[in-house]
Amino acid sequence: MKTSIKLIASMAMMLCAVAFTSCDDDNDDKTSKPAAKEVAGTYKGDMTCAVAGSESVFEDVTFILTAADDAKTDITISTYGNPPMQVPGFTIKGVKVYGENGKYALAPTEYTETLANQKVAKGAIKGDYDNGTLNLTFTLQYGAMPMIMTNTFSATKE
């Protein structure tokens, strides 16, 4: 009888030991942020714009990425270009961000925005973020302009 009580007690202790042993969550970086918050920030640099086979470079264009939630960012693009073809600043909302360990992708996202001058801007944006460097490509059909602008931008987080 004493032997069976010791055996039952030993088994109960082993079960408790197994039950209270847990695995690590394999996330060694306990300070990592959600994807959208990781890429959030201000980026300033030159942007190349191609229209109908002709390229222009706009200097000192600013992109501000703001985390809308853990997985989406809003991208605000500063005013660029020269009058009368100047594009006023605008915001593309809800761009999905995913990835980890300093490497993130900004999912292709279509947008249509009415700008402050009441003209419509529409197109698509996509990109990536690699350890502090943001790379974006976005198309833009602005107002009544029949041609599509293809814009490329790369800069490090300020």
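User: Quick one to start: how many bridges join strand S5 to S6, and which way do the two run?
Analyst: Keep in mind that this is a predicted model. Ten bridges join S5 (residues 103–114) to S6, and the two strands run antiparallel.

User: What does S6 pair with in the antiparallel sense over eight bridges?
Analyst: With S7. As an example, Lys-122 has Gln-141 in S7 as its bridge partner. The hairpin of S6 and S7 has two residues between the strands, and there Asn-131 takes a positive phi near 45 degrees.

User: Along S6, which side chains are buried?
Analyst: The side chains alternate along S6 (residues 120–130). Ala-121, Gly-123, Ile-125, Gly-127 and Tyr-129 point to one face and are buried.

User: Switching to the core. Which residues touch the most other members of the largest nonpolar core?
Analyst: Phe-63, Tyr-80, Phe-138 and Leu-140, out of 34 residues in that core. Strand S7 (residues 133–142) gives the largest share of the core, five residues.

User: What is Leu-140 in contact with?
Analyst: Leaving aside neighbours within four places in sequence, its contacts include Tyr-80, Val-87, Phe-90, Tyr-111 and Ala-121. Lys-122, Met-149 and Asn-151 are also among them.

User: Asn-151, then. Buried or exposed?
Analyst: Buried, because its relative accessibility is 0%. Asn-151 lies in strand S8 (residues 149–156).

User: What does Asn-151 touch?
Analyst: Not counting residues up to four places away in sequence, Asn-151 touches Met-47, Thr-48, Cys-49, Tyr-80, Leu-136, Thr-137, Phe-138 and Leu-140.

User: Last topic, the second largest pocket. What's its volume?
Analyst: About 180 Å³. Of the 13 residues lining the pocket, Cys-49, Val-51, Phe-58, Met-85 and Met-149 are the closest to its centre.

User: Which strand gives the largest share of that lining?
Analyst: S2, with four residues. Strand S1 (41–51) and strand S2 (54–67) each supply at least two residues of the lining.

User: How do the lining residues divide into nonpolar, polar and charged?
Analyst: Eight are nonpolar, four are polar and one is charged.

Conventions
Residues numbered from 1 in each chain as written. Predicted model: local features only at pLDDT ≥ 70, side-chain atom pairs only at ≥ 80, totals over all residues. Heavy atoms only, no water. 1 Å grid on protein atoms, 1.4 Å probe; cavity = no way out; pocket = protein on both sides within 12 Å on 5 of 7 lines; lining within 4 Å. Points joined across faces, edges and corners; volume = space filled by probe spheres on them. Nonpolar A, V, L, I, M, F, W, Y, C, P; charged D, E, K, R; others polar. Buried < 20%, exposed > 50% of the residue type's maximum accessible area, 1.4 Å probe, protein only. Contact = heavy atoms within 4.5 Å. Core = buried A, V, L, I, M, F, W, Y, C linked by side-chain atoms within 4.5 Å. Pairing = 2+ DSSP bridges.
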